[in-house]
Amino acid sequence: MPATATRWPVWALIREARHRAGITQTELARRVGTSQPAVARYERARAMPDLPTLHRIVEACGLALRLELALQPAGDLGCQ
């Protein structure tokens, strides 16, 4: 699993959004305009969607994607 997938669990967000919508991977793929194997790769952290794709995935589930910046506790600076 890529290091970014463990630090930023996009796979969990995608799976949760799909489950909340009550749809299959196949239906999500159809709504987003991608393939079911691509959705499966995202949900298994085998691939990382770019931000526009993630936005489309979340919207296809009837949800909104919000990003925010927040201060981390001292000593936990993830940026280099």
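**View 1. R18 and its contacts.** Leaving aside neighbours within four places in sequence, R18 is in contact (heavy atoms within 4.5 Å) with I23, T24, Q25, L28, E43 and C61. This is a predicted model, where local features need pLDDT of at least 70, side-chain atom pairs count only at pLDDT 80 or more, and totals for chains, interfaces and linings use all residues. Residues are numbered from 1 along each chain as its sequence is written, and side-chain values use heavy atoms, with hydrogens and water left out. R18 is found in helix 2. Helices (H or I, at least four residues) and strands (E, at least two) are DSSP runs, numbered from the N terminus. Is R18 buried or exposed? R18 is buried, with a relative accessible area of 10%. Buried means under 20% relative accessible area, exposed over 50%, and partly exposed in between (1.4 Å probe, protein chains only). R18 and G62 are 44 residues apart in sequence, yet 9.2 Å apart in space, C-alpha to C-alpha.

**View 2. The whole protein.** The protein has five helices and zero strands. From the N terminus on, the elements run α-α-α-α-α. Of the 80 residues, 29% are buried. Take the contacts between residues at least 6 apart in sequence: 59% of these join residues at least 24 apart.

**View 3. Helix 4 and its packing.** Helix 4 covers residues 36-43. A38, V39, A40, Y42 and E43 are buried there. Which helices do the buried residues of helix 4 pack against? They pack against helix 2 (10-21), helix 3 (25-32) and helix 5 (51-60). Just after helix 4, A45 takes a positive phi of about 60 degrees.

**View 4. Helix 3 against helix 4.** Two packed helices are described by the angle between their axes and the distance between the axes. Axes are lines fitted to C-alpha atoms, for helices over the stretch in contact, and angles run from 0 to 180 degrees between N-to-C directions. The axes of helix 3 and helix 4 come within 8 Å and cross at roughly 110 degrees. That makes helix 3 roughly perpendicular to helix 4. Angles under 35 degrees count as roughly parallel, over 145 as roughly antiparallel, 65 to 115 as roughly perpendicular and the rest as oblique. The crossing is right-handed. A crossing is right-handed if the near helix is turned clockwise from the far one by less than a right angle, and left-handed if anticlockwise. Q25, T26, L28 and A29 of helix 3 meet Q36, V39, A40 and E43 of helix 4.

**View 5. Helix 3 against helix 5.** Helix 3 and helix 5 pack at an angle of about 120 degrees, with their axes 9 Å apart. The two helices are therefore oblique to each other. Helix 3 passes helix 5 in a right-handed crossing. L28, R31 and V32 in helix 3 meet R56, I57 and A60 in helix 5.

**View 6. The largest nonpolar core.** A nonpolar core is a set of buried Ala, Val, Leu, Ile, Met, Phe, Trp, Tyr and Cys residues joined through side-chain atoms within 4.5 Å. The largest core has 14 residues, of which I14, L28, V32, L54, I57 and C61 touch the most other members. Helix 2, helix 3, helix 4 and helix 5 each give two or more residues to this core. Helix 5 gives the most, with four residues. Not counting residues up to four places away in sequence, L28 touches I14, R18, I23, V39, I57, A60 and C61.
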